[in-house]
Amino acid sequence: MITARDIHKSFGGIKVLNGVNMNVREGEIYGFIGQNGAGKTTTLDILAGLSRPDGGFCRVNGKDLSLIGYPGDLEIGYLPEEPKFYPWMTALETLEYLMDVRDPKKAQNLLSMVGLEKSEKCRTGGFSRGMKQRLGIAAALARDSKLLILDEPSSALDPEGRAHVLDLILELKEMGRTIIFSTHILSDVERVCDTVGILRDGVVAVEKPLRELKGLDDGWVYEISLEGKVGKDLLVKLKGLSCVIDVWEKKEGIRISTNGSSFIALDLMGVLVENQAGVASFHKERPSLEEIFLQEVSLK
Amino acid sequence: MRTSMAKEWAYATRSGRLVVLLGSFLFLAISTPLMYKYILPMILETQLGQVSSEEIAAMMNMGQRESMESYIGDVFEIGSIVVSFSLCGLLAQEISENNLVIPLCSGKRYGEIIGAKILVFGFILGFVQIISTFATYVYSGVLFSFEIDAGPVIISGILQGIYMIFILSCILMWGAIIKRPIPSGFATLATVYGMHFLGSIFNMEKYIPSGLLIEASKMSSGQTLEVTSTILPTIVLIVAITLSAVARMKGLTWNER
Ligand SMILES: Nc1ncnc2c1ncn2[C@@H]1O[C@H](COP(=O)(O)OP(=O)(O)O)[C@@H](O)[C@H]1O
Ligand SMILES: [Mg+2]
């Protein structure tokens, strides 16, 4: 549904995107994460046809971005980070205006999907940030688009509202939509996403299925604390093991992601003993996305 | 297009723009004859002292025609300012506040957005001009006496309306270029007065928009709409300016910060 190749974008000489590559497959939920100011909104604006990249190639919903005349030609649903409406229009009027038909039934349906059915006759000028975000989601759904790009759909909402939006996102996926959304709330990504893309230093540093990223398919992550310094040759040897995917050096030891073959602990122990490393603790766990994210952001 | 026009109409009525425009022009329409009939003679009387009010009235030689000509002069000077600044945010604000992002993503076209504004506010401006010109006609007729036929007065109102639509197109073009409401308003006024100034230097007033107001203040009996020389150039200008606003929109990006 989305292919982005080598997207560059700067603002006033400051490089924000420095060769972004992305692949969003049909029917999946793609979580787009990155620190504040990483360029998530910048990327999504480009993908929605609202701003032009300085360089690179994008294909969105089957259309070459450089060839479209109007953002609307992409036929996607887009929720901006800060959805703006005309304050003098009611929620219902807003949706009818966006759908370009007078169809109160459908507009009411959309409003109740996002939990705004009680506010259909209220002017959007009086809406709270969270209500605007809900209306924005309804607006993104107004065209029955196959692809939805949502910029921080859950960020302005209370925990209950967030859960509701995440359920809605899952529901939309069931209905055959493809959804990409950005967020800095990692637990939201963990709950619903199929694929995660992490934006860092202007590139998508990691783009993997969530299961793979969390090591669920590949087995466990081992956390080993060592007495004394970690030797270079120890790291090299560990990396050389066939079951090891990656090794990170941490403050008081190492962290090893493995591929799920049997007797991994034995293999790891073997190397440690061979190198006469003093093991203070040794345990295996499933990493949280938060941890993976922090690792990606800070360690590399 | 229908929903876009409904949206503009809702804006005009709910934001108070319609009331402001109608109110301002009706105020001019009523106050101008009132001014000439009572207030000015009163001021002159206190200033000149010994001269009687009858003599002053005779001296000023005021009637319906003079009052209406003065009103049309006010339309050019004050009316242009009122229209420029009450509508300066029509496009500029929507761009600068990112109001257009969701409509654009929902499939609205630039031509539709601008076209709806021209149609709805063009209608409103035309309507306001005709109503207030007729109001000043009736009121000045009551205060002085009816010297002018109603037909030319309607024509005068239509010509003023077209002139205001020209201002509207300038507002939209500058809005798309400058993207800030108040500066767009000033740019519009500069364009309007600048064209008038150049027109009078080169003796071309007849062919420029402000020539419509010169034509509008004639109000001679049997006057018809002078289409080719005066209206046509302005209509062509309105279309060209509107199209350039649309073209400018095509070049914009929609991530204002
Ligand atoms: N329209 C813009 N004009 C100027 N700078 C911008 C604009 N959009 C984004 N930026 C800059 O790009 C950087 C990335 O911003 P953004 O994409 O909003 O990050 P995120 O959404 O990941 O928090 C920020 O430093 C921001 O100041
Ligand atoms: Mg953002």
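This is a selection-by-selection tour of a predicted model, from chain A to its ligands and then to one residue of chain B. Local features need pLDDT of at least 70 and side-chain atom pairs count only at pLDDT 80 or more, while totals for chains, interfaces and linings use all residues. Residues are numbered from 1 along each chain as its sequence is written, chains are lettered from A and ligands numbered from 1 in the order in which they are written, and side-chain values use heavy atoms, with hydrogens and water left out.

**Chain A.** Select chain A and show its C-alpha atoms, which fill a box of roughly 75 × 40 × 30 Å along the principal axes. Switch to cartoon for ten helices and 14 strands; helices (H or I, at least four residues) and strands (E, at least two) are DSSP runs, numbered from the N terminus. Of its 300 residues, 52% count as buried, buried being under 20% relative accessible area, exposed over 50% and partly exposed in between (1.4 Å probe, protein chains only).

**Ligand 1.** Next, select ligand 1, which lies between chains A and B. Residues near it, with a heavy atom within 4 Å, include Phe11(A), Val16(A), Lys40(A), Asn255(B) and Arg257(B). H1(A) gives the most to this shell, with three residues. The shell divides into three nonpolar, seven polar and two charged residues; Ala, Val, Leu, Ile, Met, Phe, Trp, Tyr, Cys and Pro count as nonpolar, Asp, Glu, Lys and Arg as charged, and the others, Gly among them, as polar.

Now display distances from the ligand's oxygen atoms. One oxygen is 2.7 Å from a polar backbone atom of Gly37(A). An oxygen is also 2.7 Å from an N or O atom in the side chain of Thr41(A). On the chain B side, a polar side-chain atom of Arg257(B) lies 2.9 Å from a ligand oxygen. The protein covers 72% of the 560 Å² of accessible area that ligand 1 has on its own (Shrake-Rupley method, 1.4 Å probe).

Thr41(A) is in helix H1 (residues 40-47), and Glu81(A), 40 residues apart from it, is in the loop between strand E6 (77-79) and helix H2 (91-99). Thr41(A) is buried at 12%, whereas Glu81(A) is partly exposed at 30%.

**Ser70(B).** Last, select Ser70(B), in helix H4 (residues 64-86) of chain B. Ser70(B) is buried, at 17%. Beyond its neighbours within four places in sequence, Ser70(B) is in contact (heavy atoms within 4.5 Å) with Thr32(B) and Tyr36(B).

Notes:
Polar contact = N/O pair within 3.5 Å; in protein donor to acceptor, adjacent residues only side chain to side chain.
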